[in-house]
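Here is a short briefing on one helix and its surroundings. Please look at the sequence and the structure before reading on.

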Amino acid sequence: MATRKQGESVLEAVRSKAKPPPLFKVMLLNDDYTPMEFVVVVLQRFFSMNREQATRIMLKVHREGVGICGVFPRDVAATKVELVTGYAREHQHPLACVMEES
């Protein structure tokens, strides 16, 4: 850090740390109508999971009612929710995708 003397006082540069942006969990919610295979495809397509990871999350959604797909900054999370919801509606499935602050 550079210091300068001004008169009799010493000036030091103060570095402020920027807080990291808040992160949001993107989650899929279970329903009785969306096929399991479709959920696996969504996880692979929009969350870059391999088949094994996607199947594991899909089973968690099926058994527990909710599964976390990933944790992202607000803009990324909102975009993922919008893309998944649109894709599900396009294919006439009621799959719900939501986000909440972690």
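A residue counts as buried under 20% relative accessible area, as exposed over 50%, and as partly exposed in between (1.4 Å probe, protein chains only). Helices (H or I, at least four residues) and strands (E, at least two) are DSSP runs, numbered from the N terminus. The model is predicted: local features need pLDDT of at least 70, side-chain atom pairs count only at pLDDT 80 or more, and totals for chains, interfaces and linings use all residues. Residues are numbered from 1 along each chain as its sequence is written, and side-chain values use heavy atoms, with hydrogens and water left out.

- The buried residues of helix 3 are A77, K80, V81, V84, Y87 and A88.
- These residues lie on the same side of helix 3, because they cover an arc of only 140° around the axis (taken from the directions from the helix axis to the C-beta atoms).
- An α-helix has 3.6 residues a turn, so residues three or four places apart point the same way.
- Exposed D75, E82 and E90 sit on the face turned away from the buried side.

**Packing**
- Strand 3 (23–29), helix 1 (36–47), strand 4 (66–73) and strand 5 (96–101) pack against the buried residues of helix 3; contact means heavy atoms within 4.5 Å.
- Not counting residues up to four places away in sequence, K80 touches F46, F47 and F72.
- With neighbours within four places in sequence left aside, F47 is in contact with V26, V42, C69, F72, K80 and V84.
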